[in-house]
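Please look at the sequence and the model on the screen before we discuss them.

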Amino acid sequence: MNTDPIADFLTRVRNAIRAKHRVVEIPASNIKKEITKVLYDKGYIQNYKFDDSTPQGSIKIALKYNPTTKQPAIVDLQRISRPGLRQYRGADNLPRILNGLGVAIISTSKGVMTDKEAKTLNVGGEVLCYVY
């Protein structure tokens, strides 16, 4: 049993990047699927596939690397809000990551989105993680 599935998701992606893997497979949940969609929309991963053949299901993520330098698109993933200490921010108090170069993934009442999208919709929520 895993007490923090989002931290497990981020750690699996982080470890796969450090090991220079092309694909990482992660047990699925609805919040993990939404985080994966945000990572894909912002260009941090190359592709993803949801496999629902088992009861739990899984997510296969194709990681993105620069073709010439072989550097990963994701430099770092940081878990911010955790089960022991939840981090909530209002719409006017959302964080800026690397002066706007990175994204904060926020879980709002209107779904999982980036900090910029949450600001435009004027909604706050739980700051799940930082990606840059």
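In what order do the 3 strands of the open sheet stand? The order is E1-E3-E2, and the pairing is antiparallel. Strands and helices here are DSSP runs, at least two residues (E) for a strand and at least four (H or I) for a helix, numbered from the N terminus. Two strands count as paired if DSSP finds at least two bridges between them.

Before I continue, please note that this is a predicted model, in which local features need pLDDT of at least 70, side-chain atom pairs count only at pLDDT 80 or more, and totals for chains, interfaces and linings use all residues. Residues are numbered from 1 along each chain as its sequence is written, and side-chain values use heavy atoms, with hydrogens and water left out.

Returning to the sheet, the pairing is antiparallel in the order E1-E3-E2. Strand E1 (23-27) and strand E2 (45-51) are at the edges, each with a single partner strand, so one side of each has no neighbour in the sheet. On average, neighbouring strands of this sheet are turned by 20° against each other, direction ignored. E2 pairs with strand E3 (residues 58-63) over 6 bridges, and Tyr48 stands opposite Ile61 in E3.

Helix H1 (residues 5-18) packs on the sheet, where H1 touches E1 and E3, and its direction makes about 165° with that of E1. Contact means heavy atoms within 4.5 Å. Angles run from 0 to 180 degrees between N-to-C directions, with axes fitted to C-alpha atoms, for helices over the stretch in contact. Helix H2 (residues 30-41) lies across E1, E2 and E3, at about 155° to E2.

I turn now to strand E6 (residues 103-108), of which 5 of 6 residues are buried, that is, under 20% relative accessible area with a 1.4 Å probe, protein chains only. E6 runs antiparallel to strand E8 (residues 125-131), joined by 6 bridges. E6 also pairs with strand E7 (residues 111-114) over 4 bridges, and a hairpin joins E6 to E7 through 2 residues. Thr108 stands opposite Gly125 in E8, while its bridge partner in E7 is Gly111.

Finally, which residues touch the most other members of the largest nonpolar core? They are Val13, Ile61, Leu63, Ile105 and Val131, out of 26 residues. Such a core is a set of buried Ala, Val, Leu, Ile, Met, Phe, Trp, Tyr and Cys residues joined through side-chain atoms within 4.5 Å. H1 gives the most to this core, with 6 residues.

Conventions:
Buried means under 20% relative accessible area, exposed over 50%, partly exposed in between (1.4 Å probe, protein chains only).
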